[in-house]
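Good morning. I have one structure to go through today, and I will take it region by region. Please look at it on the screen while I talk.

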Amino acid sequence: MKKTFLVGLLALSFASTASAQDDMAMSTSGGSGDNSIANGAQSFSFSVPGGGNGYADGAAGVWMMLSDNMNLGLNVGLGFANKPDTTYNILLAPAVRMYSSTDGNVLPYIHGQANLLLPDPGDLQLSAEGGLGVEWFVTKSFSLAGHAAVGLNLLQQGGSDAGISIGTFQSVLTANIYQ
């Protein structure tokens with residue numbers, strides 16, 4: 001709960017900065033009047049995991065629009081646990097969003113992501129996920145996004161004996177700041 005509150009507070013502080021710059025961004029950005037989605041646009045993201053996504057306590061990412069409808073990102077996350085022993089993990093997660101439409105301030109997308117987890121202690125873990133999401137532009141340069149996905153765990157805790165498993169519900173909420 002503390003982590004969710006902290007991320008929410010951080011997102012609100014960025015939203016006020018984005019709102020103050022909103023008028024200037026509308027006259028200089030190539031996106032539609034309601035958002036900053038355009039080829040070449042860049043953004044920073046801050047995510048909190050939801051149901052079924054135990055890979056990290058949260059993640060930060062850098063994103064870039066490669067076309068008018070495709071957003072490519074790299075997310076990095078850290079996870080910590082102190083019971084019974086202190087452990088940590090690092091998440092590297094390249095991701096892509098394919099927007100079905102870029103007009104307006106609510107944009108549906110198809111989400112895909114690969115998760116590479118480097119736990120301490122433990123074996124390398126690898127998974128992939130795909131799903132559907134929506135990004136809502138609160139201002140032209142600040143958005144909130146969320147998606148629900150199905151995941152496929154290829155390498156997981158327990159090594160080769162663990163086999164392949166399917167995560168039936170993985171969700172994430174993200175705050176995005178566009179430049």
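L124 sits in the loop between strand 5 (106-120) and strand 6 (125-139). Strands here are DSSP runs of E with at least two residues, helices are runs of H or I with at least four, and both are numbered from the N terminus. A word on the source: this is a predicted model, where local features need pLDDT of at least 70 and side-chain atom pairs count only at pLDDT 80 or more, while totals for chains, interfaces and linings use all residues. Residues are numbered from 1 along each chain as its sequence is written, and side-chain values use heavy atoms, with hydrogens and water left out.

Is L124 buried, partly exposed or exposed? L124 is partly exposed, because its relative accessible area is 39% and the terms are set as follows: buried is under 20%, exposed is over 50%, and partly exposed is in between, with a 1.4 Å probe and protein chains only.

L124 also belongs to a nonpolar patch on the surface. Patches take residues with over 30% relative accessible area and no salt bridge; like charges are joined within 9 Å, and nonpolar side chains (Val, Leu, Ile, Met, Phe, Trp, Tyr) within 5 Å. Two elements give two or more residues to this patch: strand 3 (70-81) and strand 7 (142-155). Strand 7 supplies the largest share, four residues.

Next, the overall layout. The protein chain has two helices and eight strands, and from the N terminus the order is α-α-β-β-β-β-β-β-β-β. How do the eight strands close up? They form a barrel in the order 1-2-3-4-5-6-7-8, with antiparallel pairing. From one strand to the next, the twist averages 25 degrees; angles run from 0 to 180 degrees between N-to-C directions, and the axes are lines fitted to C-alpha atoms, for helices over the stretch in contact. Two strands count as paired if DSSP finds at least two bridges between them. As background, strands of a sheet pair through backbone hydrogen bonds, either parallel or antiparallel.

Some of the pairs in detail. Strand 4 and strand 5 run antiparallel and are joined by 10 bridges. They form a hairpin with six residues between them, and G104 in the turn has a positive phi of about 95 degrees. Strand 5 and strand 6, also antiparallel, are joined by 12 bridges, and A114 has A128 in strand 6 as its bridge partner. Strand 7 pairs with strand 8 (residues 165-178) over 11 antiparallel bridges.

Now R97. Its bridge partner in strand 5 is H111. The R97 side chain also meets that of E135 in a salt bridge (3.4 Å, N to O). A salt bridge means a side-chain nitrogen of Lys or Arg within 4 Å of a carboxyl oxygen of Asp or Glu, and the structure holds one.

A149 is in strand 7 and is buried, at 3% relative accessible area. Its C-alpha atom is 6.1 Å from that of E129, 20 residues away along the chain. Not counting residues up to four places away in sequence, A149 touches E129, G130, G131, G167, T168, F169 and Q170; contact means heavy atoms within 4.5 Å.

S43, in strand 1 (residues 42-49), is buried too, with a relative accessible area of 2%. Leaving aside neighbours within four places in sequence, S43 is in contact with G61, V62, W63, I177 and Y178.

Finally, the chain totals. Of its 179 residues, 40% count as buried. The chain exposes about 9500 Å², with carbon and sulfur atoms supplying 66% of that. Among contacts between residues at least 6 apart in sequence, 52% join residues at least 24 apart.

How values were computed
Areas by Shrake-Rupley, 256 points an atom, 1.4 Å probe, with all protein chains shown as cover.
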